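Colleague: Please take a close look at one part of this model, the backbone of its loops, and then relate it to the surrounding strands and helices.

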Amino acid sequence: MSRGNEFDWETGEGGGRPNHSASLARNQGENPAKSLQISPVIKDYLLLEEIGQGSFGKVFKAEYLPTKTPVAVKVYPKSTLTRTREASIKNEINILVNLDHPNIVKFIDCFSNKEHIFIVMELLEGENLYKSFKKGLADFAVDFSRPEARQRFAGVVMTQLSSALLYLHERFINHRDVKLDNIAFDSKTAQIKLIDFGFSKVVSPYVPERLYCGTPSYMAPEALRKEECNTLSVDIWAAGVVYYTLLFGKFPFRGSTDIELFENIMTKKLFFPEWLEESEVHVLKKCLDKRPNNRVTAAELYRLMKYNQY
């Protein structure tokens with residue numbers, strides 16, 4: 001994988017568009033980024049409204065002024081960032097800058113000044129699947145009382161997710177945090193976008209590694225045991241958890257404590273209802289096999305989903 005277009009952390013250069021702005025007119029309305037003490041016009045981007053907030057920064061809906069294109073701008077105050085978070089942001093930029101796939105969020109630009117780091121991404125419509133799942137997927141017109149509706153929706157999501165993972169794994173990129181929270185879904189286009197590459201890493205499929213990161217409910221048994229393995233397989237396990245959760249409305253493995261959850265992930269056997277299609281059972285078993293070497297690859301998973309005609 002080419003890594004020649006990396007972001008220079010110290011200068012804030014590289015990995016994005018050149019700076020065309022010299023004398024852009026300042027917006028005369030209220031500054032949505034006033035709390036961060038920055039101008040509403042940053043480089044070639046006009047910040048319009050705050051649309052999200054995390055522990056380390058804020059996300060703004062913005063406009064790329066030369067083309068009037070809507071975008072999302074993440075703004076991180078450097079003073080609030082830990083070294084670990086700084087490394088995560090830099091890693092995410094250097095992964096995303098080289099990616100181009102319809103089911104992966106698109107990186108557009110990045111730059112920084114003395115006080116802030118700015119990352120420009122495509123503006124995504126809709127919510128992440130976890131938020132929608134908590135509301136019963138009502139905004140997607142999925143009737144969870146009807147198994148066939150859940151099956152169709154889960155199949156559409158899994159087909160696109162497997163396509164994204166195939167693209168990543170062909171480039172030896174291990175996402176390492178596949179989960180409902182990191183899948184955005186646009187109900188108008190029925191298209192998913194895989195997001196949040198902060199944990200991602202370029203790996204060698206021939207050099208086993210120990211991996212202990214991610215979100216507990218989606219962690220694979222070998223990760224919990226801190227075994228050396230081809231870590232691309234943990235993305236397949238997590239995709240299986242996503243598929244199961246969308247099909248049944250609950251996680252495959254649960255526990256009142258992390259210890260109980262982890263024990264169930266490592267030892268509990270799954271059983272499937274009769275209404276589930278044989279092809280769906282096959283996909284779940286091949287993704288959620290506790291033996292990582294027995295799991296399907298991303299290429300095999302994508303072929304299975306396409307064969308099922310989702």
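Modeller: For residue exposure, buried means under 20% relative accessible area, exposed over 50% and partly exposed in between (1.4 Å probe, protein chains only). The model is a predicted one, in which local features need pLDDT of at least 70, side-chain atom pairs count only at pLDDT 80 or more, and totals for chains, interfaces and linings use all residues. Residues are numbered from 1 along each chain as its sequence is written, and side-chain values use heavy atoms, with hydrogens and water left out.

On this scale alanine 190 is partly exposed, at 35% relative accessibility. Alanine 190 sits in the loop that joins strand S8 (183–186) to strand S9 (191–194), and its phi is positive, near 55 degrees, although the residue is not a glycine. Most residues other than glycine have a negative phi. Lysine 68 also has a positive phi, about 60 degrees, without being a glycine. Lysine 68 is exposed, with a relative accessible area of 54%, and belongs to the loop between strand S3 (58–64) and strand S4 (69–77). Strands (E, at least two residues) and helices (H or I, at least four) are DSSP runs numbered from the N terminus.

Both S3 and S4 take part in an open sheet of six strands, ordered S1-S2-S3-S4-S6-S5, with antiparallel pairing (at least two DSSP bridges between two strands). Its edge strands, each pairing on one side only, are S1 (41–42) and S5 (107–112). Within the sheet, S3 and strand S2 (residues 45–53) pair in the antiparallel sense over seven bridges; in S3, valine 59 is the bridge partner of glycine 52.

Turning to the helices, H3 (residues 147–170) packs with H8 (residues 298–307) at an angle of about 150 degrees, the axes being 8 Å apart. H3 is therefore roughly antiparallel to H8 (an angle over 145 degrees). Axes are lines fitted to C-alpha atoms over the stretch in contact, and angles run from 0 to 180 degrees between N-to-C directions. On the H3 side the contact (heavy atoms within 4.5 Å) includes Gly155, Met158 and Leu165, and on the H8 side Ala298, Leu301 and Tyr302.

H3 also packs with H5 (residues 232–248), at an angle of about 165 degrees and with the axes 9 Å apart, so H3 is roughly antiparallel to H5. Among the contacting residues are Phe153, Gly155, Met158 and Leu165 of H3, together with Leu232, Ile236, Ala239 and Tyr243 of H5.

Terms used
Parallel < 35°, antiparallel > 145°, perpendicular 65-115°, else oblique.
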